[in-house]
Structures are given as structure tokens and as C-alpha cells.
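This report walks through one structure, part by part. Please look at the sequence and the model before reading on.

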Amino acid sequence: MVGYAFMGAAHSQGWRTAGRVFDLPLRPAMNAVCGRDATAVRAAARKLGWAAAETDWRQLIARDDVQLVDICTPGDSHAEIAVAALEAGKHVLCEKPLANSVAEAQAMVRAAEAALTRGQIAMVGFNYRRTPALALARRMVAAGRIGTLRHVRATYLQDWLVDPTAPMGWRLRREHAGSGALGDLGAHIVDLAQHLAGERLTGVSAVTATFVAERPLSDGGRGRVTVDDAALFTGRFASGALASFETSRAAAGRKNSLRIELNGERGSLAFDLERLNELSFHDQTEPADAAGFRRILVTEPDHPYLKAWWPPGHGLGYEHTFVHQARDLVQAIATGAPPEPSFADGLQVQRVLAAVEESAAKNSVHTPVPA
Ligand code: SOE
């Protein structure tokens, strides 16, 4: 694994646990973690459960005991590390957003497609797909339970930038993060919307804002924020269904609030990450005097991922999405099946993000998303 901060810790949790809960065809071995600060990466290796520490990702990739490289670094190094790892014959898991630009993501897809012909797997880490309730929602949409799709409504809100004195960091610099709330949080709901709908967005109209233009630096100076604090956009799916998205890191009181609702001709589904063991379902075909949203408690053995966990009603949390991600990736590696979400899926999300930025720069002009 390269990187060991918040996402590195979450992925480590997934790698430590997947083989102890699921019967995996291959055994994940946490052989080495990499970071530039030798003391800090050694401490992280001990704490997170990695056998060795490296300070140069090229050394990590060169190790014979590394077959899979898990990239948990800021977006500006995703493309370089992923392409090098794939060319060196490794499988790759890369955190979202796949890259900082469409061009980088295209290079990653080219490397992944060539690698797939050699039996190597490349997956992008849209972990929320692996929330059992959202995996169930996908299954229900695919089975026609809500009929022809009309609307998707998605919001992903946090509040750690509402305070104007919150410090500068890599996530606020375009050269490191690519974009702000848009790529950090918006990428998740764009992926989820397209995944749940089973179709792609063809165009978007957007507004973005940076509410706080400068933030304190650790040396006492001020640094210029070069990414968005928030992005709002509408979109149109290939089928004609409409979508709306709102994402912000300045929404006071919203800590990690991801909500998504789908409305179809035969019914609706709604999900709220703060109640992640539940899925709301309204069946429009039921008699009107008894119809209405009802809560499905997604803890039954027949629900996605649940058979391996606890008895009904005991519930899972955020960390389990990373356990499920590790499990699905190991299975893809063992079977050679193309993984989901693939780097091509990550590129498609990148194209949506680029169209959002282009539309916002042109005063919300409807901007096509190239296929
Ligand atoms: C920070 O805003 C962040 O860690 C995102 O980068 C993650 O993708 C999200 O799941 C939680 O919040």
C-alpha cells in the first residue's frame, strides 16, 4: 500500500479483516507499506499491520513479494504509480477520484486494458458501492422494482471547511487534489448515481463556489485556495432521466452526509449514510391506501455481503465497505474477471467532473459528457 493516512488506515482495516470474515480464494498478505517519512511510515506499518515499510514507491513496486499495489495517496501521484505498477505486472487498487485530469485517467485506462490481457486487475476505490443497502438498491433497480427511472437526487455534504480559519492542506490545492468537494465527494455520488441507475450521464449544468479564498499556512502566512468548496449540478441520463447533485465541504452540521434517492415509474428507493443499514422503498404498484415508503433493514443473510457477517439486526458500518472492497478485489484477481468499478468507470466519472467544471466556467451552460 502507498500512503497511510485516513484512506490508508481504512484500506488496512479492509485487508486485515476480509480473509477473516469471507472465505477467500487467495489470502491477502500485508507485506509492505510505503510513505516518504521513514519514522512515520514505520510507525504506521506497526499500527496498521504491515510487515515492512518502504520510503520510495518504486522500491515497493519492485518487491517480489508485492503482487497488488493499493494506492492511497493524493490524486497527483495516482497516474504515475498506477501505470508503473501495472507495467511492472502488479494488480492495482486506486483510491478515488481515479486521477486529477481526464488525460491522466485515459493513460491509466490504457495501462489497465493492456494489463488485463496479462491477467492483471485494476480497480478504483468507490467504496460506497459496497454498502450492503446500496448494493441491494442496485439489485432492486436491475430487477425492475422501481421501473423506468425518472429521477436521481444525490447530496454528499461535509463541514470541515465551514470555519474560515481551518488550515490550508493538499486537498485545497488544485495541483495536488485536482478539484475540491467536486472530486473528493462529488465523485462518489456521480459514481453511485450512474452505478445504481445502470446508465451514464450524457451532460451536466453546474455552478461551483469557493467561499474562503485564502487559508492559514503552518508557517503563519496565508495560502490561496485553488479548488471549489461546493458544487451543484444537474444532469441528464441517456434514457432521459434527470439527476441533481449537491456536494459541499462547508455545510455546517453535515459531517459525512451522503444521501441518494431514485424515483421510477413503479417506485422509489432512498438511502442515507447516517442510517446505512437501512434502505427505504416505496412500491408505486401497491394500493394507494396502503402504499408508502417502508424501511428495509438490510441485515438479512440474503442481502449483499451479509451472509458472512453477524445474525440479522446486528448491523455494519463505514469500515465494512473497505472489507467488502478487499473481498471483491481478491475474488476478481482469483477469477480474472474484469473488476467493478474498473479504471474505465473511473475515467467516465472523471469526464463528468471535467464537464461540471467546464459548465460552471461557462455560467452553467449545458455541457456534454463525452462517451
Ligand atoms: C474527505 O473529505 C473524505 O475522506 C473523502 O476523501 C472520502 O472519499 C470520503 O469517503 C470521506 O471523506
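## Terms and confidence

Two strands are said to pair when DSSP finds at least two bridges between them. Strands and helices are DSSP runs, numbered from the N terminus.

The model is predicted. The average pLDDT of the protein chain is 98, and 100% of its residues score at least 70. For the complex, the predictor reports a pTM of 0.98 and an ipTM of 0.92.

## The nine-stranded sheet

Nine strands make up an open sheet with mixed pairing, in the order S15-S14-S13-S12-S6-S11-S10-S7-S16. Strand S15 (294–297) and strand S16 (367–368) are at the edges and have a single partner strand each, so one side of each has no neighbour in the sheet.

Within this sheet, S6 and strand S11 (residues 242–248) run parallel and are joined by seven bridges. His151 has Leu242 in S11 as its bridge partner. Leu242 is also the bridge partner of Arg236. Strand S10 (residues 230–237) pairs with S11 over seven bridges, in the antiparallel sense. S10 and S11 form a hairpin in which four residues lie between the two strands, and Gly240 in the turn has a positive phi of about 105 degrees. Strand S7 (residues 201–209) is joined to S16 by two bridges in the antiparallel sense; here Val204 has Thr367 in S16 as its bridge partner.

The axes of H6 and helix H8 (residues 181–197) come within 8 Å and cross at roughly 35 degrees. On the H6 side, the contact is made by Leu134, Ala137, Arg138 and Val141, and on the H8 side by Leu192, His195, Leu196 and Ala197. By class, this contact between H6 and H8 has six nonpolar residues, one polar and one charged.

S3 and strand S4 (residues 91–95) run parallel and are joined by four bridges, with Leu68 opposite His91 in S4.

## Leu172

Leu172 is in the loop between strand S6 (149–157) and helix H7 (174–177). Is this residue, Leu172, buried or exposed? Leu172 counts as buried because 24 C-beta neighbours lie inside 10 Å, where 20 or more are needed.

Apart from neighbours within four places in sequence, the contacts of Leu172 are Gly180, Arg215, Val225 and Val227. Ser12 is 160 residues from Leu172 along the chain, and the C-alpha atoms of these two residues are separated by 25 Å.

## The ligand

Which residues are around the ligand? They are Phe6, Gln158, Asp184 and Asn256. This shell divides into one nonpolar, two polar and one charged residue.

Methods. Residues numbered from 1 in each chain as written. Predicted model: local features only at pLDDT ≥ 70, side-chain atom pairs only at ≥ 80, totals over all residues. pLDDT = per-residue confidence, 0-100. Near = placed C-beta within 6 Å. Nonpolar A, V, L, I, M, F, W, Y, C, P; charged D, E, K, R; others polar. Buried ≥ 20, exposed ≤ 12 C-beta atoms within 10 Å, placed from the backbone. Contact = placed C-beta atoms within 7 Å. Axes fitted to C-alpha atoms, helices over the stretch in contact; angles between N-to-C directions.
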